[in-house]
Amino acid sequence: MVGAAIVLGAQWGDEGKGKLVDVLAQKADLCCRAAGGNNAGHTIVANGVPYDFHILPSGLVNDTCISVIGNGVVVHLPSLFSEMDINIKKGLKVDSTRLKLSDRAHLVFDFHQLCDGISEGELGRGSLGTTKKGIGPTYSSKASRSGVRVHHLFRWPEFETLYRNCLDGMQKRYQFEYDAEEELARYKVLAERIRPYVIDTIPYVHKAIEDKKYVLVEGANAIMLDLDFGTYPYVTSSSTGVGGVVTGLGIPPKKIGEVYGVVKAYTTRVGAGPFPTEQLNSVGEYLQTVGHEYGVTTGRKRRCGWLDLVVLKHSHSLNDYTSINLTKLDILDQLPEIKIGVAYLHNGTRYTDFPADLEKLAESTVEYETLPGWLSDISKCKKFSELPVNCQRYVLRVEELIGVRIQWIGVGPGRDAMVEK
């Protein structure tokens, strides 16, 4: 393995990144998170046990893989420990030999979560549909240089001063009452509990790469939720593509190897924002019901629609995928015909680049290419040649349109329900 291998969401999230990470992590030495917080969610089914990961790297399912939470992640310690405790009860080993936390990571406090809710309320109908986990306000504190980092926990007088300054700034902005003493008392305990996990992850990850170990990076959210390249302002607060890996783990571009894009065989998104191929009809209801499209983190119904190649080409141009994992193809089994959005039409002009202007996007219609369905169960298929002919044609057409090899095809929820092409 040359350089770090990266798994990224190629649409609006919920593509099934965790499952590919789980498959790859069986051979990985390190599994790393670079951005986001516990606003993301992955579900992995291993040995019949479902594990829900929100901030913990999915590589923990592999007993020999060490997980790393990088400097670009924002961490709510109570949620981190709650997630650890839940997974320990399910049989996972989660201790300081298996989990490392960057001393440069920023801390999410309960008042950040409170401000997240207030901010959404202020926006009213124009709300962004955030998970209200405090992620945006924490990145705001970080960008304004008033944030608090993990290493500050171990110099308590300094931590307390920084905490109060950060809270004061938020209170001036959002006007709320808050019990600082109660949270400070909790963090005095949490500081000692988290201490064994905290290291400088930059040299730790670099040494693993230099030693030719298999370093796997697990993306959070997806490129269409990227702060710069997504459907702004309906985005998350971090860089969700390759750029976020560079800054969120301190890995230089030359030390990046394979970049795997995870693509759901149709499109979903959670929360508000534009969604050109959304189907507010029986097709959308079918995809939502059969695909069990509910958010792992929020429980909210996901909006559903056809595969969007304008989105995927935009995604590929930003991340330069070396290969694709096409997931949940089995959900399309019972559809007599399947559509792929190949272009947008606006005032008589056809375009295939994703626009920054959301008004232009809202005024556009989608040009579709229609393919015949296969109307049969593919969940037992183990080889590409075993897939129905029309199913193969769909996969090959998607591959042709994106211009990237499809390497894996998801045909069911289980760990082994993956066809390698």
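This report looks at a helix pair, a cavity and a pocket in a predicted model.

**Two crossing helices**

Let's start with helix α2 (residues 77–89) and helix α6 (residues 180–194), whose axes come within 11 Å and cross at roughly 50 degrees. On the α2 side, the contact is made by L77, P78, L80, F81 and D85, while α6 brings in R186, Y187, L190, R193 and I194. Sort the residues of this contact by class and you get 7 nonpolar, 3 charged and no polar ones.

Next up are the spaces inside the model. There is 1 cavity of 30 Å³ or more. Its lining runs through several parts of the numbering: L8, then R33, A34 and A35, then E218, G219 and A220, and finally S239, T240, G241, G244 and V245.

The second largest pocket has 28 lining residues, and G16, T43, G291, K328 and P413 are the ones nearest its centre. Helix α1 (17–25) and strand β3 (42–46) each give at least two residues to that lining.

Here is how the two spaces look in numbers.

| Space | Volume | Lining by class |
|---|---|---|
| Largest cavity | about 70 Å³ | 5 nonpolar, 5 polar, 2 charged residues |
| Second largest pocket | about 600 Å³ | 7 nonpolar, 10 polar, 11 charged residues |

Terms used:
Residues are numbered from 1 along each chain as its sequence is written. This is a predicted model: local features need pLDDT of at least 70, side-chain atom pairs count only at pLDDT 80 or more; totals for chains, interfaces and linings use all residues. Side-chain values use heavy atoms; hydrogens and water are left out. On a 1 Å grid over the protein atoms alone, a cavity is a set of points where a 1.4 Å probe fits but cannot get out, and a pocket is an open set with protein on both sides within 12 Å along at least five of seven lines; lining residues have an atom within 4 Å of a point. Grid points are joined across faces, edges and corners, and a volume is the space filled by probe spheres set on the points. Ala, Val, Leu, Ile, Met, Phe, Trp, Tyr, Cys and Pro count as nonpolar, Asp, Glu, Lys and Arg as charged, and the others, Gly among them, as polar. Axes are lines fitted to C-alpha atoms, for helices over the stretch in contact, and angles run from 0 to 180 degrees between N-to-C directions. Helices (H or I, at least four residues) and strands (E, at least two) are DSSP runs, numbered from the N terminus. Contact means heavy atoms within 4.5 Å.
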